[in-house]
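Visitor: I would like to learn how to read a protein model, one feature at a time. Could you walk me through it?

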Amino acid sequence: MPVSRFLFADQLGPHFDDGGPIVLVEAVGVLGRRPYHRAKAHLILSALRHRARELGDRVEFLRAEHYRDVLSGRPLEVIDPTSWGARALVAELGADVLPSRGFVTSETDFAEWAAGRPASRLVLEQFYRSVRARTGVLMRGPDPEGGRFNFDHDNRRPPPRGAVGLGLPDPWTPVEDDIDAEVRRDLDRLQADGRITLIGRDGPRRFAATRAEALAALDDFIETRLNDFGPFEDASLRGDDAMAHSRLSVPLNLGLLHPQEVIDAVVAAHASGAAPLQSVEAVVRQLMGWRDWVWHLYWHLGPDYVGGSNFLGAHEPLPRSFRELDGSGVRAACVSHVLNAVADTGWAHHIQRLMILGNQALQRGYHPGELNDWFIAAFVDGTPWVMPANVVGMSQHADGGIVATKPYASGGAYISSMSDFCGGCPFNSKKRLGEDACPFTAGYWAFLDRVEPRIRGNHRMSQPLAGLRRLADRDAVVAQERSRTVW
């Protein structure tokens, strides 16, 4: 039997295909491990089936409960997969393993950069600058384009006052076909049979599931949204959940796009005068910096990182509103809106994830491991390698400062300044006591009170902790938030 290349569902682009026979497997058991967003399950099955159709006679497309059921005993080669579990499976199958692909830098590159550095010194900005210097992207000789490596300080504009959106065209979406109709029927049947549990609402597929669709999404982003991405990347509007974000994390994490081609495309737009440097650098930093960095940290920090990280002692279970993606019973306008938007689409931009959902989880002490698993299952771009550094590290500070130097907690003032969520909300972002006290404003102080013993040695938290100690109504705020049952 000839050797075939087994491709996982996140290895579907041309950069994973060197010719020769290919095996694709649709393993229903993977979708049965936990409740997945319906849009995510649809996207994965649609992408696999579309790729099988494209490959024609070169592919053996198998359906099974588990990978082992159809792969054991076969001569296989694989491109090193993207999770600890998948790598263990590949080792068990005895496949020949090729180096990983789909990132700007290799695992060897990162190992050489990280050599001799303790985990607390694996600083994103230093890694990002080293990759920029080595690759020459947005560089003029030894100097960065525009005199700075990082334009993040310029990219914090609040949304336009009184606007319901940024006024941009609706983001590109695909046209469903017969494969999508078949996937929808199959998901209905699997759920009715009790083989899988799905959360979120069904709807038209909104994200690329093929290479052609991914390229169309990339072109659309550059043409319609790239200019505004930088300035407004931290802003939110309830009438415009896409804002100027690319939403390219979805095809990137399916392997339909390579990050380097996205980088090359936005840099070319800047070189032609079609896109401002601050927006282009922001995209480059997200891909060449953050995306590669969290990928490498996933391996560098080891398989026990998620389960062994709970620096702030957070043990509360996720509330029903999260588990069932139902914001209808949540009074806080920002949380209600984002949960309902995720229920509709399986997606939210990074500020809604970090400063709304993540901020609530941090303040209320939701268990970081449980939250990590929820983000993987509830978001169409959630993967086992993406979420640990993003959720456990940056959002929940559960690793004690490896990924982020301080907890990303904020009160209602930040949400009010960077969004329109507070208008019409029954809570007052300026109040920390009373029936209309903002759960984020009051929750911020209650959070600091709870974690003070663990963070008092963090110099970046010295000013907030000093403010906590001066708070005349500290005890009353803490008692109020401990007894809060309604958000």
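Guide: We will go through the cysteines, the core, a strand and a proline. This is a predicted model, in which local features need pLDDT of at least 70 and side-chain atom pairs count only at pLDDT 80 or more, while totals for chains, interfaces and linings use all residues. Residues are numbered from 1 along each chain as its sequence is written, and side-chain values use heavy atoms, with hydrogens and water left out.

Visitor: How many disulfides does the structure hold?

Guide: A disulfide is a pair of cysteine sulfur atoms within 2.5 Å. The structure holds zero of them. For C422, the nearest cysteine sulfur belongs to C438 and is 6.3 Å away.

Visitor: Which residues have the most contacts inside the largest nonpolar core?

Guide: A nonpolar core is a set of buried Ala, Val, Leu, Ile, Met, Phe, Trp, Tyr and Cys residues joined through side-chain atoms within 4.5 Å. The largest one here has 113 residues, and L24, V284, V335 and W374 have the most contacts inside it. Helix 12 (residues 277-300) gives the most to this core, with 14 residues. Helices (H or I, at least four residues) and strands (E, at least two) are DSSP runs, numbered from the N terminus. Contact means heavy atoms within 4.5 Å. Leaving out residues up to four places away in sequence, W374 touches L318, F322, R323, L325, L339, L357 and F379.

Visitor: What does strand 1 pair with?

Guide: Two strands pair if DSSP finds at least two bridges between them. Strand 1 (residues 4-7) runs parallel to strand 2 (residues 22-27), joined by three bridges; L7 has L24 as its bridge partner there. Strand 1 also pairs in the parallel sense with strand 5 (residues 76-79), over two bridges, where S4 partners L76. Both faces of strand 1 are covered, with S4 and F6 buried on one side and R5 and L7 on the other.

Visitor: Where is P259 placed?

Guide: P259 sits in helix 11 (residues 259-271). With a relative accessible area of 0%, P259 is buried. Its contacts, not counting residues up to four places away in sequence, are G102, F103, V104, L252, L287 and R291.

How values were computed: Buried < 20%, exposed > 50% of the residue type's maximum accessible area, 1.4 Å probe, protein only.
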